[in-house]
Amino acid sequence: MLSSNPIETKKKMGSLTQACSSSSLAKSVFSLASSPFIFTSRRKFRASTSASSASNSASLDVKEVRSTDLVDLEYADLNLKYKISEEVGHVRIRQHVNPLSSSFSTPAPVPAWEEVYKDPSLPLMVDIGSGSGRFLLWLAKKNADSGNYLGLEIRQKLVKRANFWVNELGLSNAHFIFANAMVSFDHLISSYRGPLEFVSILCPDPHFKKRHHKRRVVQKPLVDSILKNLKPGGKIFVQSDVLDVAQDMRDQLDEEAKVLEHVDTVDTEEGWLRENPMGIRTEREIHAELEGARIYRRLYQKKILIGSLQ
């Protein structure tokens, strides 16, 4: 984690940037069909595994760079404070929870949208399993006037801290709800006044054991709820660093071919997008890529059917 001392942070970020540059941790540019929730360029730092890498000449050996440092660097624009108020406290959370537990079976209460967002009629992006919230906060800050952002997260402490950060950043287009998306998605989103334009499910809990696959978030009822609320032309973006999980999500969504189409781009390889089109990587994505893992991504668009045009 980067130091809270601004001078130390600046020095460390400079070292990180130099190390990244010296070892082929390069910027990449990726373009996709226009959408208020998709960006066309982003800064990206990725560790090179090549033996011929010039990292030995860098002031900071890339092998010594922690993924938490790269997360801080990727989200430096947010300038988030790690010293949280006494009300929030230090956030330590379980990595995985059971969404089928009775404690998560009650739908989350619907917020007063006019109190949550400055303009509750704007197009909405929903991130299912929003984690720390940094990913959604970055998007909300970059797109403050043209869209609202909602994070649904099953770990309450993360929601509490994320909403604390919303206030710290003075955002009027971002909000987080403690909710089990499998139970609450339709209940919440159907009450929203504006159009649902984008849904993301990024590196969800894998629940590796076969008997626990029913705990995975992308199940038929959730897919149906998303499609029911998603506007024609709206998009669904999924990704995972676990191939089995990515294939499972792909299979669930491919079954909806009557209303969904997979978006192929010049950046598609074996049916998977090579790059994240959102303009910023998630924290899990950064951790996984630093370890050399591949990220499997799919982008879908709801078909615009005759009779659905308004």
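User: Does α2 pass α9 in a left-handed or a right-handed crossing?
Analyst: This is a predicted model, in which local features need pLDDT of at least 70 and side-chain atom pairs count only at pLDDT 80 or more, while totals for chains, interfaces and linings use all residues. Residues are numbered from 1 along each chain as its sequence is written, and side-chain values use heavy atoms, with hydrogens and water left out. Helices are DSSP runs of H or I with at least four residues, and strands are runs of E with at least two, numbered from the N terminus. A crossing is left-handed if the near helix is turned anticlockwise from the far one by less than a right angle and right-handed if clockwise, and that of α2 with α9 is right-handed.

User: Which residues of α9 meet α2?
Analyst: A contact requires heavy atoms within 4.5 Å, and on the α2 side S67, T68, L70, V71 and E74 take part. The α9 partners of these residues are E283, I286, H287 and L290.

User: Which elements do the buried residues of α9 pack against?
Analyst: With buried meaning under 20% relative accessible area, exposed over 50% and partly exposed in between (1.4 Å probe, protein chains only), the buried residues of α9 are E285, I286, A288 and E289. These residues pack against α2, β7 (230–240) and β11 (296–302).

User: Is A108 buried or exposed?
Analyst: A108 is found in the loop between α2 (67–74) and α3 (113–116), and beyond four places in sequence it touches I177, F178, A179, S184, H187 and L188. Its C-alpha atom is separated by 7.6 Å from that of N180, 72 residues apart along the chain. Because its relative accessibility is 4%, A108 counts as buried.

User: Which residues have the most contacts inside the largest nonpolar core?
Analyst: A nonpolar core is a set of buried Ala, Val, Leu, Ile, Met, Phe, Trp, Tyr and Cys residues joined through side-chain atoms within 4.5 Å, and the largest has 35 residues. Those with the most contacts inside this core are V126, I128, L150, L152, F185, I201 and I236.
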